[in-house]
Amino acid sequence: MKKDVMLIVNYWHFEQEKASSRYRTFANILCEKYDLEVVTSTFCHLTKKQREVQTLSLDKLPYKMTLQYEKGYKKNIGFDRISSYKQFGKNVKKYLETRKKPDLIIVSVPSLRVADEVTKYANKNNIPVIVDIQDLWPEAFKMALSIPIISDILFYPMKKQADRIYSRADKIMAVSDTYVVRGLKCNKKDSKGLSIYIGSDSELIKQKTANIEIDKPNNEFWIGYVGALGHSYDIESVIKAIKILNNEGIENIKFLVMGEGVLKEHFKQVAIENEVNVDFTGLLEYGTMMKTLMACDVAVNPIIGKSVSSIINKVADYSAAGVPVINTQNSLEYRKLLEDNNAGLSVENGNIFALAEAIKALYTDDLLRKTMSENSTKMYDKYFDRQKSYPRLIDEIEKLLENEKE
């Protein structure tokens, strides 16, 4: 008889919402071995809208899908979001109390409220629980609302809540080694944790890009960016760095910005003022986005200095596309990954002259660009391919279930 496993996540993405999804990949792997139930929200974080359940074809999924009501929110940062998660957490708690006890639970962070309720329930009922850290809260909120002393006081309850959650976990899992370390600081049950990068699915990429052609003029040098156009991303510095190179006579650079966000119009204005060739493509279908990245000469990861993010979505796509990366993110883990694998260049955050020099180095040196491109592909195969990294979760689940028998 198969074991009963629950996967409880706020940030679930149905296939029609997002092509590549961490938890959908996990679910597809888990349901082959276990009786799996996924519990998620009626509210879609990406669209900021309630899901139309009748359009989701839940009966065609190879696992049980349960949606619990959440009222939702309009902005990523605000008390409405915290209130919304509080409601979702209460509903998940009620559902757990009416459902038969599962053999094991996997719960994501954020949200803290949901994970708090779930880990408390799991410990009370002696159910092994894995906590998967996707993002660090309240650290991410403190970055957005950085007021000395006041921020520490304001977010102290949230920090204590996170500490409680991590302390209850039988296994700390996270999207990076950095986040694993944060979780383990509060945990006495787990000795080493489990780091599984968000990554991407190599088979999905092959499928999605199979019949797509990208028309790139031979005389253009393409720099690619994929992701949100918000306050965490320093697109402006990339534009100004390209302007420096334009002034030096390098005028065939095209910057492809693939994504949407609140600062899109601002970045467009910066491009116009600096007379830099920037193509704001908007959101692209996944296959088209990946094929466009593959046509780029380099990609940029321009994360602002105070960001607490670590190994994020876009770096897996960059690696899968086999492009060298010019990185401004301060994450030591990602900088070391690029350096150790010779797959890109990291420069000082906010320094447009250093950024321009890095672009110029890869622009002028074909061999360096080719070497780093090949190394980027090797790095993907080693660290980011979900086909190889995600099954490691099964090994950890089996260990926890075995411990329950003893």
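**Questions and answers**

Author: Lysine 120 lies in helix α3; helices are DSSP runs of H or I with at least four residues, strands are E runs of at least two, and both are numbered from the N terminus. This is a predicted model, where local features need pLDDT of at least 70 and side-chain atom pairs count only at pLDDT 80 or more, while totals for chains, interfaces and linings use all residues. Numbering runs from 1 along each chain as its sequence is written, and side-chain values use heavy atoms, leaving out hydrogens and water.

Reader: Why is Lysine 120 called exposed?

Author: Exposed means over 50% relative accessible area, buried under 20%, partly exposed in between (1.4 Å probe, protein chains only). Lysine 120 has 53%, so it counts as exposed.

Reader: Which residues form the positive surface patch?

Author: Lys71, Lys86, Lys90, Lys93, Lys94, Lys101, Lys120 and Lys124. Lys counts as positive, its charge being placed at NZ. Helix α2 gives the largest share, four residues.

Reader: What makes the chain as compact as a globular protein of its length?

Author: The chain has 16 helices and 15 strands. Its radius of gyration is 22 Å, close to the 22 Å from the globule rule for 406 residues, so it's as compact as a globular protein of that length. The radius is taken over C-alpha atoms, and the rule is 2.2 Å times the number of residues to the power 0.38.

Reader: How do you know that α1 is mostly covered?

Author: Seven of its nine residues are buried, among them Tyr23 and Phe26.

Definitions and conventions:
Patch = residues over 30% accessible without salt bridge, like charges linked within 9 Å, V, L, I, M, F, W, Y side chains within 5 Å. Areas by Shrake-Rupley, 256 points an atom, 1.4 Å probe, with all protein chains shown as cover. Salt bridge = Lys/Arg side-chain N within 4 Å of Asp/Glu carboxyl O.
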